[in-house]
Amino acid sequence: MIRESIIDRAVCFTRSIAACFARSIVAPPSIVTLGLLLLLVAGTLYHWLQFPALPSNDDALFLSRGVGHFSVVEFSPHFPGYAGLVLFVKSLRGLFSSDYQALHTVVLVLTSMIPVVVFFILNTLNVGRLIALAVVVVLYFQPLLMSVALSGLSDGPGLLVWLLALLCFLKAKPGLSGLFLGLMLTVRPSYLFLLLPLTVFLIVQHPRRLSRIVTTISLPPILGLIYMYSKDGLALFEEAFRFIKGHFLIWGNTSISEVSRDTWGRVLADYARGEWVLVVLSMLLALSCVVVWVKHHKARCVVVSFVSILGWTLLFQNPDNLRHMLPVMVLAVIIISLMIAALNAPRWRAAMVLMLFLMAYSVMQSSQWHYSAPAIQQALTWLNSQTGAGRYGGVIVTNEGVELSRVYQSKYRVADAWYKQQAAWLWLGGAWRMSYNPIQGHGEPIAIFPRRLAGEHATYVYRLKLVINE
């Protein structure tokens, strides 16, 4: 009797959970839901703003320079210019103490809005509020989202603008959707392969508004191009040719470049905390794409966009920078949540949501949560406290954060390790060697500064006492 009673109670409890999930499918966002969402955003912003506003790479430094003086030719910022983001930050510059502080805060706040827009996208696609809120929590738990928010780069703002375009598309507002797509091109041009699928869906669903769609998409990038041309003239196009050729064929570590240092497979397995986890996630994602394609006709554009940006990233983006996977990760979470919402059995929905939480928690374990500076900034501070005896009173040789090393310390000369002859000549009397990865042939590192979050880089510091050819 006691056993039957326990079983009956367990069944009742399961039914109540199932009923709760069933109601969540049809219920619109309530005041309580919006309050929880606001609480999540406020808590996340408070947490992220505790980190010091310091750039962790040269690209962020170059981008911040564009706020004060815009010139692509002078790497202020580097090509493709990101004119939309720079002009937006420039409009708010008076509220902050420095160009980088302004850029850092804008990027951080805009990136924190990504899970919020994802919530409304899922709500538009009739996903229950509990599942949508769970997705928001899972996204905020992602170290990748956090490292992108702290990066001072255009990845987060660019994805936010594209998600707004997707939301407008789902709400049948083609003109506004096209305008957001055009703005996205001025913020993050490398998201072109997110723009193309959504543009095709816009044109197919609204053929009578073709001229309006084309006009709204074209206008922002044309204005951005005019702005950049007014600063650099024809030299802009020469720099564009140099940068594109260099990215694809020389330094970009793409599938067709001469440099081969890391692979997406190893980087993603490291982020997922194991190869088997990556395999399970890939299988789940493939199944989810099929389910969404069959059951969610309205969300097919999400699946096509996911495949498009995944292919572009795997083939033509640098696996040394995990941040390129941000749109892939966000779209993957959306697709999986759509698959969960399509399950008929509420208990299966609860189990899948629980599994997502466990995976997010596992990924979160790879991160540090104390409010420290980026690893390379810690290394530069440490080097400033060291004595630098040598022919030139001390030299730093590095091929990572070269410009950052010149700006954020004044004690040492800095040599770019990519120029081997110059670097070797400078370290004749002794030098410090910095790198994001362990280097063979230099012995054990003198100091190691670990990364704060997945998606960032650790910094290894070596002491070079003799001339060593790498």
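Reply: A residue counts as buried when its relative accessible area is under 20%, as exposed when it is over 50%, and as partly exposed in between. What follows describes a predicted model.

Arginine 242 and glutamate 239 form a salt bridge through their side chains, at 2.9 Å from N to O. Both residues belong to helix α13, which covers residues 235–249, and they are three residues apart, about one turn of the helix. An α-helix has 3.6 residues a turn, so residues three or four places apart point the same way. The two ends of this bridge fall into separate accessibility classes. Glutamate 239 has 8% relative accessibility, which is under the 20% limit, so glutamate 239 counts as buried. Arginine 242 has 35%, so arginine 242 counts as partly exposed.

The second pair is arginine 93 and aspartate 99, whose side chains meet in a salt bridge at 2.5 Å, N to O. Arginine 93 is partly exposed because its relative accessibility is 24%. Aspartate 99 also stands at 24% and is likewise partly exposed.

Aspartate 270, at 37% relative accessibility, counts as partly exposed. Arginine 451, at 26%, is partly exposed too.

There is also a network of salt bridges, which links Asp59, Asp155, Arg188 and Arg323. The total for the model is nine salt bridges.

β4 and β5 are antiparallel partners, joined by three bridges. Within that pairing, isoleucine 448 is opposite tyrosine 460 in β5. On β5, five of the six residues are buried, so this strand is largely enclosed by the rest of the structure. β5 also runs antiparallel to β3, to which five bridges join it. There, tryptophan 432 has arginine 463 of β5 as its bridge partner.

From β3 (residues 431–435) the pairing continues to β1, which runs parallel to β3 and is joined to it by three bridges. Threonine 398 is the residue that faces methionine 434 of β3. β1 pairs with β2 (residues 413–416) as well, in the parallel sense and over four bridges. In that pairing, valine 395 stands opposite arginine 413.

Helix α20 leads on to the packing of helices. It is one of the elements against which the buried residues of α3 pack, along with α4, α5 (99–112) and α8 (143–151). α3 itself spans residues 58–68 and is mostly covered, with eight of its 11 residues buried. The buried set includes Asp58, Leu61, Phe62 and Val67.

Helix α4 (residues 83–92) has another partner in α12 (residues 210–232). Two packed helices are described by the angle between their axes and the distance between the axes. For α4 and α12, the axes come within 9 Å and cross at roughly 75°. An angle from 65 to 115 degrees counts as roughly perpendicular, and α4 and α12 are therefore roughly perpendicular to each other. At their contact, Ala83, Leu87 and Lys90 of α4 meet Gly224, Tyr227 and Met228 of α12.

As for the chain as a whole, the secondary structure comes to 21 helices and five strands. Of its 470 residues, 53% count as buried. Among contacts with a separation of 6 or more, 72% are between residues 24 or more positions apart.

Terms used:
Residues numbered from 1 in each chain as written. Predicted model: local features only at pLDDT ≥ 70, side-chain atom pairs only at ≥ 80, totals over all residues. Heavy atoms only, no water. Salt bridge = Lys/Arg side-chain N within 4 Å of Asp/Glu carboxyl O. Buried < 20%, exposed > 50% of the residue type's maximum accessible area, 1.4 Å probe, protein only. Helix = DSSP H or I, 4+ residues; strand = E, 2+ residues; numbered from the N terminus. Pairing = 2+ DSSP bridges. Axes fitted to C-alpha atoms, helices over the stretch in contact; angles between N-to-C directions. Parallel < 35°, antiparallel > 145°, perpendicular 65-115°, else oblique. Contact = heavy atoms within 4.5 Å.
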